[in-house]
Amino acid sequence: MNERDMWEHQVDILSKRTAILNQQIEGLEQRLSYFENVIIVLITALKDGGIIQADPEGDHSFEE
């Protein structure tokens, strides 16, 4: 195997690994989006059902 073949082989390996990583990232993004939507639906349902209620004392902030 000459040097050019060796470099081409390394590029092929890196290209395949990059494609796999891109697929994994896309899968993670899809799952994250799904969980975000589930949380939004859950919080909305809890608020609509009266489980989560506004604080009767008014707005609060986390600033000191």
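The N-terminal end of helix H1 is capped by Asn-2, a side-chain oxygen of which lies 3.2 Å from the backbone nitrogen of Arg-4. The model described here is predicted. Helix H1 itself covers residues 3-48, a run of 46 residues. From its first C-alpha to its last, the helix reaches 67 Å, close to the 68 Å expected at 1.5 Å a residue. After H1 comes Gly-50, which has a positive phi, near 85°.

The side chains of Arg-4 and Glu-8 form a salt bridge, with an N to O distance of 3.2 Å. The count of salt bridges comes to one. Because Glu-8 and Arg-4 are four residues apart in helix H1, about one helical turn separates them. Arg-4 is exposed, with a relative accessible area of 61%, above the cut-off of 50% for that class. Glu-8, at 37% relative accessibility, counts as partly exposed.

His-9 also has its place in helix H1. With a relative accessible area of 39%, His-9 is partly exposed. The position of this residue along the chain can be set against that of Gln-24. His-9 and Gln-24 are 15 residues apart along the chain, and their C-alpha atoms are separated by 23 Å.

A search of the whole structure for aromatic pairs finds one. The pair is formed by Tyr-34 and Phe-35, whose ring centres are 5.6 Å apart. The planes of the two rings stand at 65°, so the pair is edge-to-face; the cut-off for this class is over 60 degrees. Tyr-34 is exposed, and its relative accessible area is 55%.

Ile-39, Leu-42, Ile-43, Ile-51 and Ile-52 make a nonpolar surface patch of about 470 Å². One of these residues, Ile-39, lies in helix H1. Ile-39 counts as partly exposed, at 45% relative accessibility; residues of a patch must have over 30% relative accessible area. Leu-42 and Ile-43, also in the patch, fall within the residue range 3-48 of helix H1.

Notes: Residues are numbered from 1 along each chain as its sequence is written. This is a predicted model: local features need pLDDT of at least 70, side-chain atom pairs count only at pLDDT 80 or more; totals for chains, interfaces and linings use all residues. Side-chain values use heavy atoms; hydrogens and water are left out. Helices (H or I, at least four residues) and strands (E, at least two) are DSSP runs, numbered from the N terminus. The expected span of a helix is 1.5 Å times one less than its number of residues. A polar contact is a pair of N or O atoms within 3.5 Å; within protein, one must be able to donate a hydrogen and the other to accept it, and residues adjacent in sequence count only if both atoms are side-chain atoms. Rings of Phe, Tyr and Trp (its six-membered ring) pair if their centres lie within 6.5 Å; planes under 30 degrees apart count as stacked, over 60 as edge-to-face and the rest as tilted. Buried means under 20% relative accessible area, exposed over 50%, partly exposed in between (1.4 Å probe, protein chains only). Patches are made of residues with over 30% relative accessible area and no salt bridge: like charges are joined within 9 Å, nonpolar side chains (Val, Leu, Ile, Met, Phe, Trp, Tyr) within 5 Å. Accessible areas come from the Shrake-Rupley method with a 1.4 Å probe; for residues, only the protein chains shown count as cover. A salt bridge is a side-chain nitrogen of Lys or Arg within 4 Å of a carboxyl oxygen of Asp or Glu.
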